[in-house]
Amino acid sequence: MSLPHAILTALLEKPSSGLELTRRFDKSIGYFWSATHQQIYRELGRLEQAGHIRSLPAPVPARGQRKEYEVLPAGRAELGDWVGRAEDPKPLRSALLLRMRAAAMVGSEGLRAELSRHLSLHRAQLDEYLLIEARDFPAERRRTEPDRLRHLVLRGGVDLERFWVEWLTGALSELGTGDGGPIGVDTGEL
């Protein structure tokens with residue numbers, strides 16, 4: 001349900017072609033909502049069919065020219081309604097946490113290396129978010145509500161990365177060097 005709303009948001013920020021949207025998803029929205037090129041194009045067709053967006057007329061008609069899209073009033077209204085809708089949090093799905101649960105049963109060979117790799121990735125992502133914050137959100141740029149909201153989204157990413165860095169650091173410390181065998185049989189619920 002959220003991909004069409006992510007696309008509407010991106011198009012309200014700036015009318016774009018499907019290719020431009022894909023690039024923008026890779027650089028900003030993709031940090032918290034990813035989509036493939038094919039998914040974006042498929043959704044653009046659905047949004048246009050629903051009357052939420054339209055392709056802008058080309059300055060010079062040409063065959064095979066890329067389409068640029070803008071949001072129509074119905075799309076803005078849909079996005080506004082969606083912003084105010086109640087939605088329950090989604091359960092966490094993490095292959096890493098599932099892998100750790102499995103390691104408790106079959107042994108943890110290779111698990112510490114994977115935890116270390118994840119720690120490096122989360123540290124790098126945290127560093128990237130902090131650079132974006134310093135570059136794009138100095139205190140004087142957070143005066144308007146739209147800028148404060150964008151900054152809060154980024155702060156959510158910063159806080160999540162800090163959580164993962166702290167958690168992974170603690171997990172690696174707790175697991176120590178170990179022998180890689182089964183950690184123990186757990187018949188409990190978690």
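This is a predicted model: local features need pLDDT of at least 70, side-chain atom pairs count only at pLDDT 80 or more; totals for chains, interfaces and linings use all residues.
Helix packing is taken up first. Two packed helices are described by the angle between their axes and the distance between the axes. Helix 1 covers residues 2–13, and helix 2 covers residues 18–27. Their axes lie 11 Å apart, at an angle of about 105°. Angles of 65 to 115 degrees count as roughly perpendicular, so helix 1 is roughly perpendicular to helix 2. On the helix 1 side, the contact involves Leu3, Ala6, Ile7, Ala10, Leu11 and Glu13. These residues meet Leu21, Arg24 and Phe25 of helix 2. By residue class, the contact of helix 1 with helix 2 holds seven nonpolar and two charged residues, and no polar ones.

Helix 5 spans residues 95–106, and helix 6 spans residues 111–136. The axes of helix 5 and helix 6 come within 11 Å and cross at roughly 160°. Angles over 145 degrees count as roughly antiparallel. Helix 5 and helix 6 are therefore roughly antiparallel to each other. Their crossing is left-handed. Helix 5 contributes Leu96, Arg99, Met100 and Ala103 to the contact. Helix 6 contributes Leu111, Glu114, Leu115 and His118. Five residues of this contact are nonpolar, one is polar and two are charged.

Helix 6 also packs against helix 7, which runs through residues 145–175. Here the angle is about 155°, and the axes are 9 Å apart. That angle makes helix 6 roughly antiparallel to helix 7. The crossing of helix 6 and helix 7 is left-handed. Its contact residues comprise 13 nonpolar, seven polar and six charged.

Attention now turns to the empty space in the model. Rolling a probe the size of a water molecule over the atoms shows where empty space is left. The largest pocket holds about 2,300 Å³ of space. It is lined by 42 residues. Closest to the pocket centre are Ser28, Ile29, Phe32, Trp33 and Val153. Several helices take part in the lining. Helix 1, helix 4 (73–84), helix 6 and helix 7 each supply at least two residues. Helix 7 gives the largest share of the lining, with 10 residues. The lining of the largest pocket divides into 21 nonpolar, 11 polar and 10 charged residues.

Helix 6 and helix 7 pack against each other, and both supply residues to the pocket lining. Helix 1 packs with helix 2, and helix 1 also supplies lining residues.

Note on methods
Residues are numbered from 1 along each chain as its sequence is written. Side-chain values use heavy atoms; hydrogens and water are left out. Axes are lines fitted to C-alpha atoms, for helices over the stretch in contact, and angles run from 0 to 180 degrees between N-to-C directions. Helices (H or I, at least four residues) and strands (E, at least two) are DSSP runs, numbered from the N terminus. Angles under 35 degrees count as roughly parallel, over 145 as roughly antiparallel, 65 to 115 as roughly perpendicular and the rest as oblique. A crossing is left-handed if the near helix is turned anticlockwise from the far one by less than a right angle, and right-handed if clockwise. Ala, Val, Leu, Ile, Met, Phe, Trp, Tyr, Cys and Pro count as nonpolar, Asp, Glu, Lys and Arg as charged, and the others, Gly among them, as polar. On a 1 Å grid over the protein atoms alone, a cavity is a set of points where a 1.4 Å probe fits but cannot get out, and a pocket is an open set with protein on both sides within 12 Å along at least five of seven lines; lining residues have an atom within 4 Å of a point. Grid points are joined across faces, edges and corners, and a volume is the space filled by probe spheres set on the points. Contact means heavy atoms within 4.5 Å.
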